[in-house]
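Reader: I want to know what stands behind each label in this model. Please set every value against its definition.

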Amino acid sequence: MHSSFSNEILAAIENDRDLTVAELLSLDDRLDLKELMRISRHLADIGHGDRVTYSPKVFIPLTRLCRDVCHYCTFATVPRQVESPYMQVEEVLELCRKGVETGCREALFTLGERPEARYSAARDALHKMGFSSTLEYVSFVAGRVLEETGLLPHINAGCMDSNEIAQLRSVSASMGIMLESSSERLCEKGMPHYGSPDKIPERRLHTIDLAGMAKVPFTSGILIGIGETRLERIESLLELRSKHRKWNHIQEIIIQNFRAKPHTLMEKSPEPDLDELLWTISVCRLIFGSKMNIQVPPNLNPGVLSQLISSGINDWGGISPVTPDHVNPEAPWPHLERLRRETEQSGKFLQERLTIYPEFASRLEHWVDLGIKHHVLAHCDSQWLGRDNNWIAGQPSSTQTKSRESIAGARRKISKASRSIIKAVERCEAGLRPSFKQLQTLFDVRGEAFDYVLNSADRMRQQSVGDNVTYVINRNINYTNVCTYKCRFCAFSKQTKKVHSNERSYDISGEELARRTREAWQRGATEVCLQGGIHPDYTGQTYIDIISTVREACPQIHIHAFSPLEIMHGAKSLNVEIAEFLTMLKDVGLNTLPGTAAEILHDEVRKILCPDKLTSSEWLNVMNTAHRVGFRTTATIMFGHVDSSEHWAEHILAVRDLQADTGGFTEFVPLPFVPTEAPAFYRGLVRKGPTWREAILMHAVSRLAFMGLIENIQVSWVKMGREGAVECLKAGANDLGGSLMNESITRAAGSKHGQEWSPVEMDWTIRNLGRIPCNRTTLYQEASLDRIHSARNAIDLLPVENLPAAKKAVDKKLAANPLANDMSFKNISDQVFLMAASN
């Protein structure tokens with residue numbers, strides 16, 4: 001062992017000092033391969049943790065004709081050996097549709113270089129299809145694939161000029177060209193690149209330069225074992241590093257080992273042995289440092305995948321469930337489960353990625369054409385990796401749940417690589433404030449660590465609140481959908497005239513408000529939840545009138561009303577302080593406030609989502625003031641759009657700190673963004689909501705972070721679905737929220753999970769989980785027997801009446817004694833009760 005030299009090498013790399021060629025060549029003399037691999041693996045662990053990525057792809061050999069004659073290649077062929085010089089566009093689309101069905105996200109375009117320069121058959125075929133060049137046809141087909149299937153094209157088109165790169169950039173998420181080698185010696189007579197004009201290193205390096213200038217996320221790499229020396233490999237990697245330093249555009253380096261193929265000039269050439277491959281990978285890691293993505297094709301190296309991981313790789317490249325490796329047809333892709341298993345045996349977990357890596361996807365405005373952005377967003381999660389399945393909040397899609405390993409088992413598996421995760425969980429369990437970094441770490445967990453966090457949250461739920469699962473019988477009353485604010489995620493808001501969808505703008509009357517309240521009470525409700533848009537004619541007096549009407553209609557019902565945005569609007573319109581306005585509302589009967597309109601408490605996110613809405617500090621101020629006036633409130637987070645774990649961590653800590661100060665929050669409610677009808681999603685500004693993993697994790701991490709401060713973690717069943725709600729109950733949540741009766745806001749966003757979940761159905765679901773159902777009040781007291789009885793014997797709701805909205809708000813005051821002639825209730829006892837209530 002050469003620990004002293006090893007430390008010198010590590011210190012140099014960690015201090016961003018480039019190793020010299022002499023130092024790199026001296027590695028053979030001063031370090032054995034095992035120690036070299038140890039250093040490389042250490043660097044890979046620093047940069048990529050316990051994750052090894054892959055891209056599920058469709059391999060599209062658009063043309064196998066090529067003007068080059070590389071001596072090792074069986075991909076390139078001649079016109080007489082193919083049915084058609086080019087794949088037809090419908091053939092490509094059919095292949096891509098099959099890829100979509102099997103979960104692919106990348107369309108890899110591989111082709112021979114400029115066959116029209118050599119073959120008349122290629123020229124004739126292009127002319128017949130209406131194209132002047134192969135690259136023009138590539139652009140056309142890639143555009144069709146992108147728009148008709150959603151797969152993200154990655155284009156390996158060989159050497160290109162700046163115009164060709166610009167043309168292909170408009171229809172692709174990334175491109176690439178293998179340098180293979182910077183050695184001109186390999187282009188001499190008798191060498192593998194002789195007679196191949198596009199393999200001249202200068203041409204290939206120029207293309208890499210132009211791609212950087214054009215801001216293209218780019219792939220390159222070297223081919224080892226074709227006659228080059230170790231020095232030439234180092235020089236080739238240094239050339240690539242030089243281009244990357246200039247443009248920061250190379251997203252991965254591929255180290256590909258030569259495989260001898262029959263019927264080629266190199267069929268009898270020796271293949272590089274495993275040690276040569278491991279040495280090259282390790283040296284590549286030392287040259288490029290911890291952050292670069294280094295890839296080795298697994299299908300060319302079966303049986304030694306663990307050794308490849310130990311040498312410092314962090315990516316397996318593209319794996320196709322529907323197409324072979326047309327460049328190496330003798331080497332089938334490994335089965336995904338086998339690849340996953342072998343990756344896990346090396347202490348890593350397998351993670352799907354996109355063809356554009358996270359470092360580049362997180363800056364889409366810089367790295368891709370504007371027309372590509374929304375396609376990338378549709379595929380990625382909050383870490384800019386591939387979505388874990390097709391689950392979408394609000395939609396009845398499969399959740400693909402699996403059994404979770406025990407805490408002890410999961411902890412054993414993660415203890416080596418991710419001790420920080422265990423420390424973060426232990427800190428939360430002790431009731432201590434987690435750090436910003438610790439929360440980020442918890443939100444980013446995957447693999448076995450994901451199971452560990454969820455199980456830990458479930459254990460803490462049991463410690464905090466036991467096995468009771470609570471819910472409240474309530475009614476949502478959204479009194480208007482007219483709103484002056486332009487929140488880009490909101491599909492509920494309408495203008496008074498022009499509307500986005502078939503649902504008209506409305507503004508309900510005081511009489512209808514009272515009728516819905518009475519009907520809710522008759523059906524067993526203990527609470528009405530009142531929220532709406534900010535109608536331009538609403539003032540603080542409007543909100544006072546709403547509370548007065550509801551309180552007059554039903555004195556015993558709990559009134560849970562008005563977001564911080566409505567509170568601010570009301571106070572401002574009356575020219576009073578927030579505390580004074582809250583006191584006015586309290587005096588007429590308001591009981592508690594919902595903590596909605598929080599979205600993400602990070603103003604950079606809010607500038608994108610809701611630029612004209614209240615700021616993070618304003619939301620916190622309203623909640624703080626409400627608590628000090630004597631109100632209890634809820635707190636929420638709406639996540640899964642343009643946010644990431646750093647924003648979630650900041651939000652959680654802001655809520656936690658306020659709770660530590662005031663103790664006013666009764667529950668925390670994660671609200672997954674429902675994208676289906678959201679304007680921001682249609683405009684390509686946001687992701688497709690949180691992934692299944694992220695949605696479950698939000699509930700689990702909330703339980704951990706609020707341990708000892710907020711007992712109740714609520715799941716929104718209208719967003720998560722009933723199956724999703726159950727999974728959240730197994731991951732730290734303990735409350736199902738309200739039965740709702742009516743639900744307009746999430747439904748307007750495209751949710752298909754219904755408007756009401758009856759107590760009978762809730763009880764069955766909870767008991768089926770092995771838990772104890774508990775019908776609660778807003779403040780988490782057990783509901784009275786008469787309320788429970790009424791809820792279990794509820795009659796059908798009558799149709800709601802929404803008056804057309806106008807510039808002038810509809811009066812929210814209740815007309816004098818409207819109940820005497822109200823026949824909407826089905827028995828006399830109800831009318832007697834309500835008449836008494838009105839007096």
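**Cysteines**

Reader: What makes cysteine 487 count as buried?

Author: Its relative accessibility is 13%. Buried means under 20% relative accessible area, exposed over 50%, and partly exposed in between (1.4 Å probe, protein chains only). At 13%, cysteine 487 therefore falls in the buried class. Two notes on the source: this is a predicted model, where local features need pLDDT of at least 70, side-chain atom pairs count only at pLDDT 80 or more, and totals for chains, interfaces and linings use all residues. Residues are numbered from 1 along each chain as its sequence is written, and side-chain values use heavy atoms, leaving out hydrogens and water.

Reader: How many disulfides are there by the rule?

Author: The count comes to zero. A disulfide needs a pair of cysteine sulfur atoms within 2.5 Å. Cysteine 428 is in none, as the nearest cysteine sulfur, that of cysteine 728, is 18 Å away. Cysteine 487 is in none either, and its nearest cysteine sulfur, that of cysteine 610, is 5.1 Å away.

Reader: Is cysteine 428 buried or exposed?

Author: Buried, with a relative accessible area of 1%.

**Confidence**

Reader: What is the mean pLDDT of the chain?

Author: The mean is 91, and 91% of the residues reach 70 or more. The pLDDT is the predictor's confidence in each residue, from 0 to 100. Over residues 496-501 the pLDDT is below 50, and this stretch has ten contacts (heavy atoms within 4.5 Å) beyond near neighbours in sequence. Over residues 818-839 the value also stays under 50, and here the model has 33 contacts beyond four places in sequence. Where pLDDT is low, the predicted coordinates should not be read in detail.

**Helix 5**

Reader: Which residues of helix 5 are buried, and how do you know that they line one face?

Author: Helix 5 covers residues 120-129, and Ala122, Ala125 and Leu126 are buried in it. Helices (H or I, at least four residues) and strands (E, at least two) are DSSP runs, numbered from the N terminus. Seen down the axis, the buried residues fall within an arc of 95 degrees, so they line one face of helix 5. That arc is taken from the directions from the helix axis to the C-beta atoms. An α-helix has 3.6 residues a turn, so residues three or four places apart point the same way.

Reader: What do the buried residues pack against, and what is on the other side of helix 5?

Author: They pack against helix 6 (134-149). On the other side, Asp124, His127 and Lys128 are exposed. Glycine 130 follows helix 5, and its phi is positive, near 95 degrees.

**Strands**

Reader: Why is strand 11 called largely enclosed?

Author: Five of the five residues of strand 11 (residues 474-478) are buried, so the rest of the structure largely encloses it. Asn474, Asn476 and Asn478 lie on one side, Arg475 and Ile477 on the other.

Reader: How many bridges join strand 11 to strand 12?

Author: Five, and the two strands run parallel. Two strands pair if DSSP finds at least two bridges between them, so five is enough. Strand 12 spans residues 527-531. Arginine 475 stands opposite valine 528. Valine 528 in turn stands opposite isoleucine 559 in strand 13. Strands 12 and 13 pair in the parallel sense over four bridges. Both faces of strand 13 (residues 558-561) are covered, with His558 and His560 on one side and Ile559 and Ala561 on the other, all buried.

Reader: What makes glycine 312 count as buried, and which residues is it in contact with?

Author: Its relative accessibility is 0%. Leaving aside neighbours within four places in sequence, its contacts include Ser40, Arg41 and Ile281. Glycine 312 is in the loop between helix 11 (305-310) and strand 8 (315-319).

Reader: And where is glycine 724 found?

Author: In helix 29 (residues 717-729). Glycine 724 is buried, at 1% relative accessible area. Beyond its neighbours within four places in sequence, glycine 724 is in contact with Trp692 and Ile696.
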